[in-house]
Amino acid sequence: MKHVSYISKKKLGDMMANIREIAKRAGIGIATVSRYFNDSGYVSEESREKIRKAVEELDYTPNALARAIFKKNTKIIGLMIPNITNPFFNQMVSEMEKLFRKQNYTIILCNTDDDKEKEQFHIETLRSYRVAGIVAMRTMTPESYRNIDIPVVAFENQISPEHITVASDNFKGGMAAFKHLYDGGCRKILHIQGPEVFIATTERLRGFIEASKKKKDALVDVVKLETDFHIKSLEPAIENIKNITDYDGIFVFNDISAAVVMKHLHDLGVRIPEQTQIIGFDNSFLGELLLPSLTTIDQPIKQLGKITTDLMIRLINGEEIDQKEYYLKTTVIKRSSTLGKIATSKE
Ligand code: XLF
């Protein structure tokens with residue numbers, strides 16, 4: 001695929017002319033001015049001051065992208081986000097944006113909609129912008145990242161065993177969800193599973209099934225959703241679940257889908273939690289706003305954001321990192337949609 005990875009001779013000429021002009025006005029060497037703009041070596045405070053003054057007098061704006069042609073580090077991070085409408089990813093992105101900014105990095109946000117071609121298009125664009133790194137959240141095209149010479153950190157779906165992956169401990173989260181419903185008295189439990197291409201939700205299912213094996217008096221069913229969990233496709237999928245009112249407990253694979261399930265049950269006249277208890281997954285801000293408020297499994301968004309940004313910065317700085325996989329602890333956040341033990345903070 002063709003992408004713009006060069007600068008025109010004219011632009012390069014203009015830049016050189018600018019640097020020459022600044023050097024002349026400041027009364028110092030071209031090499032010093034170039035070092036100053038490229039942040040690539042010692043420039044005395046006195047020279048810096050002269051350069052700043054010359055820049056002001058000449059009304060010259062340094063072109064960050066052009067500067068990146070000389071330097072490899074553009075101080076831009078590409079953030080691939082699978083679904084911009086999902087509050088969990090909103091929160092993850094705003095956390096990472098804050099942390100990257102502290103390190104003087106700007107982000108370019110790319111929404112993939114879990115679409116392979118869209119994601120590939122974004123990768124090419126980010127490469128042409130010579131971004132310093134890419135955070136690939138729930139990639140649908142791991143192979144596209146394998147041979148690029150840009151540091152990549154994966155969130156959830158893995159790129160390769162050599163690449164770093166960060167995620168919540170989704171397996172244990174799935175186990176905890178089952179256990180919480182069981183301890184709250186549920187004996188006919190439904191799990192609404194997310195699309196199979198999401199490693200995270202497959203792990204949640206595995207944990208749920210594993211925990212249920214130990215409880216012989218519990219009946220469990222699983223229904224798989226194949227939607228990308230945009231509300232408009234979720235609603236009909238959830239309305240199609242047969243006998244949903246037969247269950248006294250439902251574990252839904254994420255909070256946004258749990259909200260849609262709650263609305264559907266409400267429309268059917270089912271009382272939550274008296275007739276059916278519901279638990280979601282994420283602990284996004286949505287859960288507290290629902291009525292009744294949603295019990296959920298907490299994905300530690302702040303820690304996930306911190307570890308992802310730290311690892312990215314270390315990779316950009318050329319560090320070899322031996323540990324490739326990071327799975328962070330999940331916890332039950334008890335709210336009003338379940339009857340289990342009341343705890344105001346994380347269990
Ligand atoms: O990919 C999974 C599925 O949905 C992600 O962690 C989420 O829980 C976000 O809502």
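## Around the ligand

In this predicted model, the side chain of Asn-86 has an N or O atom 2.9 Å from an oxygen atom of the ligand. Arg-138 places a polar side-chain atom 2.8 Å from a ligand oxygen, and an N or O atom in the side chain of Arg-204 is also 2.8 Å from an oxygen of the ligand. On its own the ligand exposes 280 Å², and the protein buries 100% of that (Shrake-Rupley areas, 1.4 Å probe).

The shell around the ligand holds 11 residues, with Asn-86, Arg-138, Glu-156, Arg-204 and Asp-282 coming nearest (a residue counts if one of its heavy atoms lies within 4 Å). By type, the shell splits into 3 nonpolar, 4 polar and 4 charged residues.

## Rings and charges

What does Arg-204 sit over? Its charged end is over the ring of Phe-281, 3.7 Å from the centre (CZ of Arg within 6 Å of the ring centre and within 35 degrees of the ring normal).

Phe-281 also pairs with Phe-251: their ring centres are 6.4 Å apart and their planes are at 40°, so the pair is tilted (centres within 6.5 Å; under 30 degrees is stacked, over 60 edge-to-face, the rest tilted). Both Phe-251 and Phe-281 are buried (under 20% relative accessible area, 1.4 Å probe, protein chains only).

## Ground rules

Numbering starts from 1 along each chain as its sequence is written, and side-chain values use heavy atoms, leaving out hydrogens and water. Local features need pLDDT of at least 70 and side-chain atom pairs 80 or more, while totals for chains, interfaces and linings use all residues.

Terms used
Phe/Tyr/Trp six-rings, centres within 6.5 Å; stacked < 30°, edge-to-face > 60°. Buried < 20%, exposed > 50% of the residue type's maximum accessible area, 1.4 Å probe, protein only. Polar contact = N/O pair within 3.5 Å; in protein donor to acceptor, adjacent residues only side chain to side chain. Nonpolar A, V, L, I, M, F, W, Y, C, P; charged D, E, K, R; others polar.
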